Amino acid sequence: MIPRLLKLPLQQSLLLFGARNTGKSTLIKHTFPKDECLWFDLLDPDQERRLVLNPQEFMQIVQASDKPYVIIDEVQKAPKILDLVHMLIESTKKHFIMTGSSARKLKRGAANLLAGRALFYKLHPFSFFEIESQFNLHDSLSWGMLPPVFQSTHKKNFLQTYGHVYLKEEIFAEQLVRGLDPFRRFLELAAQMNGKIINFSKIANDVGSDDKTIKNYFSILEDTLIGFFLPSYQHSFRKRLQLAPKFYFFDTGVTRALANQLTLDLLPSTYTYGDLFEQFIILECMKLSDYTQNDFRFNYLRTKDDAEIDLVVERPGKPLLLIEIKSTNHITENDLSTFMQISKDLPNSEAICLSCDPYPKQFDHVLAMPWQNGLKLFL
């Protein structure tokens, strides 16, 4: 197993969330001693059906076991179990380790989310710092960082299957939408608009639906951890700002798969390459922030005349961090002219550019640095 940056505590109940195939089960198996774990795998249809139909049996099995750790894989498939987990945490000395690839069913079922009794963690696809010695930027932009993809010789086939499995097991099986065909069309359009400001009405027209349905579709992507909104930064000159959010998928390879772009060559110095590099950097920043639990908040900023800051990071107790992201391997002052101008309007801030240029450079108040060095700010 490739060591992960996320370290789970041994003496605390916890919920570990992450999209499918991010390595949640693998991390747990390598963290907790196998012979000390009572394991419930709810991806097993027989176990799922048994516990859904008779949740009390779960309590009876746990109480009869002398194992200190109780593992519940994909707990969202039996959300009522959490009420019993709550009771067992209070009445026993056992630690409950629960994984989930969707928070939607837990929320909808008004499940007891164990506030104060279990810690919350999130596992992402691999980070650059986890696979640094084997890392290849072009491959990571093309195929993403999911552990099975990184370690596979059939990357395209896996990613093409990923979307079908997601639709079958997360959407259809959980009855999250009434019809799969409109959602399938939406999924492809959303992936093609990855990293762009969301226009709900335009997407609704293209899908043949309405704004309310499209907003619900996006909330499904959020709740199943397939993507997230990046909000617009609110500032005193907000009247000049675009206020609609952007939306990013959680992995560049999955983005390309859902957008039906895996058969297209990814060429440096193209808009597509630049967009994927921007997504890669933003995802890395958010992964590291989650793992270090530093409570950073992420936004973007774009004025109505299209001056943009790719990433605005609010850091408690530190200056606002403004990040421009460029895929070029030769950064110049001309590349940063717009960023330099708009960042001056944000006092008490730190402005940096992350690019593929191997040399750090100073342009007025902006420090340009290799992206590898810049990501260390989040460790």
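**Group meeting: burial and packing in a predicted model**

Let me begin with strand β7, residues 246-249, which is covered on both faces: K246 and Y248 on one side, and F247 and F249 on the other, are all buried. Buried here means under 20% relative accessible area, with exposed over 50% and partly exposed in between, for a 1.4 Å probe and protein chains only. In a regular strand the side chains alternate between the two faces of the sheet. Strands (E, at least two residues) and helices (H or I, at least four) are DSSP runs, numbered from the N terminus.

A word on the source: this is a predicted model, in which local features need pLDDT of at least 70 and side-chain atom pairs count only at pLDDT 80 or more, while totals for chains, interfaces and linings use all residues. Residues are numbered from 1 along each chain as its sequence is written, and side-chain values use heavy atoms, with hydrogens and water left out.

The partner of β7 is strand β6, residues 227-230, and the two pair in the antiparallel sense over four bridges; pairing requires that DSSP finds at least two bridges between the strands. One of the bridges joins G227 to F249.

Which residues does L221 touch, leaving aside its neighbours within four places in sequence? They are Y166, F183, F186, L187, I226, G227, F247 and F249, where contact means heavy atoms within 4.5 Å. L221 is also among the residues with the most contacts inside the largest nonpolar core, together with F58, I72, F183, F186 and F218. That core has 58 residues, a nonpolar core being a set of buried Ala, Val, Leu, Ile, Met, Phe, Trp, Tyr and Cys residues joined through side-chain atoms within 4.5 Å. Apart from it lies another core, of 38 residues, including F129, M145, C285 and L321.

Turning to helix α9, residues 180-192, its buried residues are F183, F186, L187, L189, A190 and A191. Their cover includes β7 and the helices α8, α10, α11 and α12.

Helix α13, residues 271-292, reaches 32 Å from its first C-alpha to its last, close to the 32 Å expected; the expected span is 1.5 Å times one less than the number of residues. Because 16 of its 22 residues are buried, α13 is largely enclosed by the rest of the structure. Just after α13, Q293 takes a positive phi of about 50 degrees.

Finally, the whole protein: there are 15 helices and 13 strands, and 53% of its 379 residues count as buried.
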